[in-house]
Amino acid sequence: MKALEGLHWAGKIRHIGVSNFAVRDLKEARSYLSRTDIASNQVQYNMLQRNVETEVLPFCRREGIAILAWSPLGKGILSGKYHNGKRPKDRVRTDEDLFKPANIRATAPLIRELRRIGRAHRKTPAQVALTWLRRHRHVSPIPGVKRPGQAEENAGAAGWFLGSGEVRRIDAILRRLRLDTF
Ligand SMILES: NC(=O)c1ccc[n+]([C@@H]2O[C@H](COP(=O)([O-])OP(=O)(O)OC[C@H]3O[C@@H](n4cnc5c(N)ncnc54)[C@H](OP(=O)(O)O)[C@@H]3O)[C@@H](O)[C@H]2O)c1
């Protein structure tokens with residue numbers, strides 16, 4: 001942290017960002033900084049993986065630390081394209097709990113709702129899932145992509161917001177959702 005602070009003051013880096021830091025890690029890291037602060041914390045955050053909401057999100061909001069949400073599409077499951085029998089082929093996702101057939105079935109009502117909400121805004125389920133994260137003003141999703149078309153689609157999650165009724169409808173479904181092994 002002291003080295004990063006030195007680089008910041010030398011003008012070699014613009015900001016200091018960290019990743020997967022719990023609140024205690026942020027506090028410890030900040031205790032070594034006296035002339036600058038941590039700008040962002042990159043953490044796993046999507047509709048189906050919300051652990052950061054308990055402590056990290058409120059702490060970062062209070063302290064002015066931006067959240068960069070990794071896996072914002074749940075590695076692609078929230079796009080809905082794996083709900084029609086198609087399976088991801090890579091090892092990372094075949095081993096991933098989210099892609100278990102039981103979890104694909106359990107998330108089908110959520111995908112239907114994302115489609116419904118998306119239709120009203122002329123947006124895709126992926127765009128709705130990304131925009132949902134932006135209901136917290138200090139959160140920016142950083143989706144991974146395989147093709148330029150996905151990058152273009154995901155960029156369409158910027159510049160608009162979900163209505164409060166839509167957020168409530170999604171939250172009601174998420175509250176009922178039971179995933180295997182989480
Ligand atoms: N700091 C950390 O510890 C950490 C850990 C993991 C990842 N990350 C970072 O987080 C970022 C993204 O995370 P992630 O790749 O795990 O998950 P993600 O963004 O939730 O999912 C990305 C995958 O979803 C699919 N996808 C993306 N946009 C789509 C769209 N519009 N429609 C349909 N499918 C779409 C693509 O795979 P398919 O087309 O093959 O389905 C893509 O590879 C990356 O930049 C990565 O470096 C950070």
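In the predicted model, the side chains of Lys 75 and Glu 96 meet in a salt bridge at 3.0 Å, N to O, a salt bridge being a side-chain nitrogen of Lys or Arg within 4 Å of a carboxyl oxygen of Asp or Glu. The pair links distant parts of the chain, 21 residues apart: Lys 75 lies in the loop between S3 and helix H4 (91–94), and Glu 96 in the loop between H4 and helix H5 (101–106). Helices (H or I, at least four residues) and strands (E, at least two) are DSSP runs, numbered from the N terminus. Lys 75 is partly exposed, with a relative accessible area of 27%, whereas Glu 96 is buried at 14%; buried means under 20% relative accessible area, exposed over 50%, and partly exposed in between (1.4 Å probe, protein chains only).

The whole structure contains 12 salt bridges. Glu 53 pairs with Arg 50 (3.0 Å, N to O) and also with Arg 135, the closest N and O atoms being 3.1 Å apart. Because Glu 53 lies in the loop between S2 and H3 and Arg 135 in the loop between H7 and strand S4 (139–141), the latter pair ties together parts 82 residues apart in sequence.

The largest nonpolar core has 46 residues, and its largest share, six residues, comes from H7. Such a core is a set of buried Ala, Val, Leu, Ile, Met, Phe, Trp, Tyr and Cys residues joined through side-chain atoms within 4.5 Å.

Residues are numbered from 1 along each chain as its sequence is written. Local features need pLDDT of at least 70 and side-chain atom pairs count only at pLDDT 80 or more, while totals for chains, interfaces and linings use all residues; side-chain values use heavy atoms, with hydrogens and water left out.
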